[in-house]
Amino acid sequence: MEAPPLFRLSSRPAFRASSSCLVWSRSNAAVVVTSIRQLSSSFRDGDFFPGSSKRRARGPVMAAKKEAEGEKQNEGKYKHTLNLPKTGFSMRANSAVREPEIQKLWEENQVMKRVAEKNGAGTFILHDGPPYANGSLHMGHALNKILKDIINRYKLLQDYKVRFVPGWDCHGLPIELKVLQSMDEDARKELTPIKLRKKAAKFARDTVVSQMKSFKRYGVWAEWDKPYLTLAPEYEAAQIEVFGQMALQGYIYRGRKPVHWSPSSRTALAEAELEYPEGHTSRSIYAILKMVQSPPDSSPLLTEFFPNLFLGIWTTTPWTIPANAAVAVNSQLTYAIVEVQPCENESTSRESKLKVGNVLKDESRKLFVVVALELVPTLQSKWGVKLEVKKTFPGSALEKCGYLHPIDGRECPVVIGGDYITTESGTGLVHTAPGHGQEDYITGLKYSLPIISPVDDLGKFTEEAGEFNGLDVLSDGNVAVVKFLDEKLSLVLEESYRHKYPYDWRTKKPTIFRATEQWFASVEGFRQLALDAINEVSWIPQQAQNRITAMTSSRSDWCISRQRTWGVPIPVFYHVTSREPLLNEETISHVKSVISTKGADAWWYMSTEDLLPQKYKHLASEYERGTDTMDVWFDSGSSWAAVLGQTEDLTFPADLYLEGTDQHRGWFQSSLLTSVATRGRAPYSSVVTHGFVLDEKGMKMSKSVGNVVDPENVISGGKSQKDEPGYGADVLRLWVSSVDYTGDVLIGQQILRQMSDIYRKLRGTLRYLLSNLHDWKPEHAVSYEELPKIDKFALYQLENIVNSVKESYETYQFYKIFQIVQRFVIVDLSNFYFDIAKDRLYVGGTEGFTRRSCQTVLAAHLLKLTRILAPILPHLAEDAWQNLPFEYSLSDGSAAKFVFQSKWPNPDDQWLSLPSQDINFWRKILELRSEVNRVLETARAGKLIGSSLEALVHLHADDPATSSKLQELCEAKNDADALTRIFITSQVEILPSPAGSAAVPFEGELAGEDGSKIWVGVSRAVGSKCERCWNYSSKVGSFADHPTLCKRCYDIIEGPLPVVVVADAR
Ligand SMILES: [Zn+2]
């Protein structure tokens, strides 16, 4: 005997006859022939056994083999009485064809729009963060947009009016550079700002088109026909409006201030445009600055050291020495005057990378230097000299002492700086150049120090720098300053110094700090408002709140002007002679109205007269327009103003922003600042952040390493379909749902293969449900009260799953859904309910109660599972929905033609009302079933049985209550609850005591947590095999007209149909 492939335990081979004196426990028996095996040929059994395809794959193979061996016997005269699965929903996803078909179906029927319009639970607005319209999409984009789509689709099912307007960030330097790089030198000379802007706009729009195509292919639903683009006139006008409101509230100012300046891009940079690559080395120097002899009243304490007294300083940017305006000390530190003396073993104490200044080489010189006391030992060893402490005093004693500028001899003051002056490095005295450093600038404000910045846009010294004029500060300028100091005996030591240094993230070249005339948004002016607004927002994950709070409280004023062409202009006019800016309500309003119709290009092609409002037109000759554009973070940071609140159902604030963690200092923050400054609150109620996508080993993806996973290839396949097969959008989406995105996430071919396997299991589950409901009508449903126990338990499990899944959607923890559903499908359905159900479904009789009750449960599973999976796997869910064998009606009586019209499944609280003792009993039955399967497995290995249907299971429970419950199940009136069906064996009997080993050759035991035990024995089933259902029964042979049938099958074929209780249709 061998495997009936449609039944369980298909690979269990032959047996050894054994039993003799078996106690009777169950139904019928008699003669045998094969049957169902042949019928299975059209259904590859693996297809119907999600989760166990491998184990069962031998079915058809075996069948084919047996057939070849001539074991055909009867062609199956009862074949037509069986109800085998049937559906047009294929096991193969065929996603390359099917997904685009489904997307087309949605688009043609405007499903998203229609569903959203009809929904009645209020609006849900996830405001899209605009990707940059430059280049093709990578896996990070896919993760981001699919997460958004999962949320939007879930909210659609939850009856919300979902509006999702996709956006693109279109201005900025990278696009401007791409345009410039695409032109030769001559063409560039011909280039006017307007020509450049036209080319840049075309480039951005082309990119939008191609990126949009990709997003659509991911199955992302959005208002693709009307996206927001930051280059659109109405967007630019909204941005000017935000700028204007901030300006009128006094939050915008023009100032000379050190900013991060990129000589390579010739522009100021925002903090978000900087990166700090490893391995930057600066030329750091220790220098001494000669103190002047006429200190104010204070300093008899210094008198004795003149004229040989110096301040010791240290800097990593020697080129800023010409801009030196003061030396700052920390009033809380103790300082010392040390006498520099030659060191005995000088040659060994200095490291070779150091270059010693001339001043140390002249050992006859008397030299007294002020340094922080704590640093004396360090400096001693570093300088390779002995430093004898002559006197100590607090930093405050040095305030207002004077020294001579090392280059031009000006007298400069010693000032008190802040906490930034420490003894971690340097000398404890800080060279202060307010034109070249943020802290220096603040200290400079306090003491009214001059802001000197003798450096031009290209990073070269200006005339103001005297003899250094024209030198590049980062190269020969630096060298020249060091050389100059050494010649003037001011250089103690030069050493190369590795540290973090800001680079331009686009050109990958070092930046400088440089004071320029710029426009600023005064973050200081509304910082507290911003911090308060952060507290009102729900941050997911929670630690994000600390991040953005820290970044907002520490950020300096926002430099919003850029000296570039491809952007939105800062709408300001300057007086041609006085350079006084003209910026007020009238000018802003007029420029805004011009731009709203003509676009920002108008700023470049219209006359100043036309750009000025009526009131100022007569002054047109006295004014010229500014040429600065706005920081692109101001563009995207104004998106809430351009998109939200524009129509009634696009409400402000947004319910949700969802982007990568890097946006805490980018878009989340710029949006927060513009919104707080003009609306007094954050533009979002909740913010979800996700990590970065890394390769399978946790490494950053890079083209040079060759570990890049391209979302396009995941969907359609790479160059080699063997190495990179195409999985379709749903497998990509399943991956998105599977990762805990609050940290960095991994993807690679191995992970994708696993995803594809799980996708197949889910697809197989839906296919099982669809194919066994081919003749189902909602009016066939059995009422809940009438359902067998096992069916009630199945519904209890289903309802629990639906609730857990809902909770996970609500908290955006999709990986939990992935885990819950996967386990449910494999353990609860495939390995248990579906496995057992096949007998009822196939041989239970078309109209039989047992079959109809099972279909009632399956229909509930189909309708609920399809919908809870739909946000993650919309194509799969829609494909299943389009193959529904019956119509699903909404509460208003209309049919749900698309899965997203069907709404989230209504709760069925009754299903959860199963008494806890029943739940516990079923859990016990599941454990018992595992033990029974284990014993059956050994019986099969011991050649007692082949198929599990050839077995008789003996049970003995030492706990009387359990024993009687098991007995109850043995005698269950409805066939579904019978233990024989649950174990998929022909017979089960309950014994008063464990049987002897001679009678029952295979045994096992299940020990409960409470100490109770159930003994399990397996022997050969009695009677013969029923031709129709393959169960063994002693009744087989007792019906003259059907000598090969058991009683059950005989009744089904000949007897009256059992009554089906009709319940309300679900
Ligand atoms: Zn039968």
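A residue counts as buried when its relative accessible area is under 20%, and by that reading the buried residues of helix α31 are Pro 874, His 875, Leu 876, Ala 877, Glu 878, Asp 879, Ala 880 and Trp 881. The structure described here is a predicted model, and its chain holds 35 helices and 37 strands. The points below start with the chain and then turn to one helix, a pair of crossing helices, and several strands and sheets.

**The chain overall**

- Of the 1066 residues in the chain, 58% count as buried.
- The radius of gyration of the chain is 40 Å, whereas a compact globule of 1066 residues would have a value near 31 Å.
- Taken along the principal axes, the box filled by the C-alpha atoms of the chain is roughly 130 × 80 × 50 Å.
- Among the contacts in the chain with a separation of 6 or more, 79% are accounted for by residues 24 or more positions apart.

**Helix α31 and what covers it**

- Helix α31 spans residues 874-882, and because 8 of its 9 residues are buried, the helix is largely enclosed by the rest of the structure.
- The cover over the buried residues of α31 includes α4 (95-108), α6, α26, α27 (749-771) and α30 (849-869).

**The crossing of α6 and α26**

- Two of the helices that cover α31 are α6 and α26, and the axes of α6 (residues 139-157) and α26 (residues 729-738) come within 10 Å, crossing at roughly 85°.
- Helices α6 and α26 are therefore roughly perpendicular to each other.
- On the α6 side, the contact is made by Met 139, Ala 142, Leu 143, Ile 146, Leu 147, Asp 149, Ile 150 and Arg 153, and these meet Leu 732, Arg 733, Trp 735, Val 736 and Ser 737 in α26.

**Strand β13 and its partners**

- Strand β13 (residues 368-372) is mostly covered, with 5 of its 5 residues buried.
- Strand β9 (residues 309-315) runs parallel to β13 and is joined to it by 3 bridges, and Leu 309 stands opposite Phe 368 in β13.
- Strand β11 (residues 334-342) pairs with β13 in the antiparallel sense over 5 bridges, and the bridge partner of Ile 337 in β13 is Val 370.

- Strands β15 and β16 form a hairpin with 6 residues between them, and in the turn Gly 409 has a positive phi of about 75°.
- The two strands run antiparallel and are joined by 3 bridges; Gly 402 has Pro 413 in β16 as its bridge partner.
- Strand β16 also pairs with β10 (residues 326-329), in the parallel sense and over 3 bridges, and the bridge partner of Ala 328 in β16 is Val 415.
- Ile 407 is found in the loop between β15 (402-404) and β16 (411-416), and Ile 407 is partly exposed, its relative accessible area being 22%.
- Apart from its neighbours within four places in sequence, Ile 407 is in contact with Ile 321, Pro 322, Phe 468 and Phe 484.

Note on methods:
Residues numbered from 1 in each chain as written. Predicted model: local features only at pLDDT ≥ 70, side-chain atom pairs only at ≥ 80, totals over all residues. Heavy atoms only, no water. Buried < 20%, exposed > 50% of the residue type's maximum accessible area, 1.4 Å probe, protein only. Helix = DSSP H or I, 4+ residues; strand = E, 2+ residues; numbered from the N terminus. Pairing = 2+ DSSP bridges. Axes fitted to C-alpha atoms, helices over the stretch in contact; angles between N-to-C directions. Parallel < 35°, antiparallel > 145°, perpendicular 65-115°, else oblique. Contact = heavy atoms within 4.5 Å. Rg over C-alpha atoms; globule rule 2.2 N^0.38 Å.
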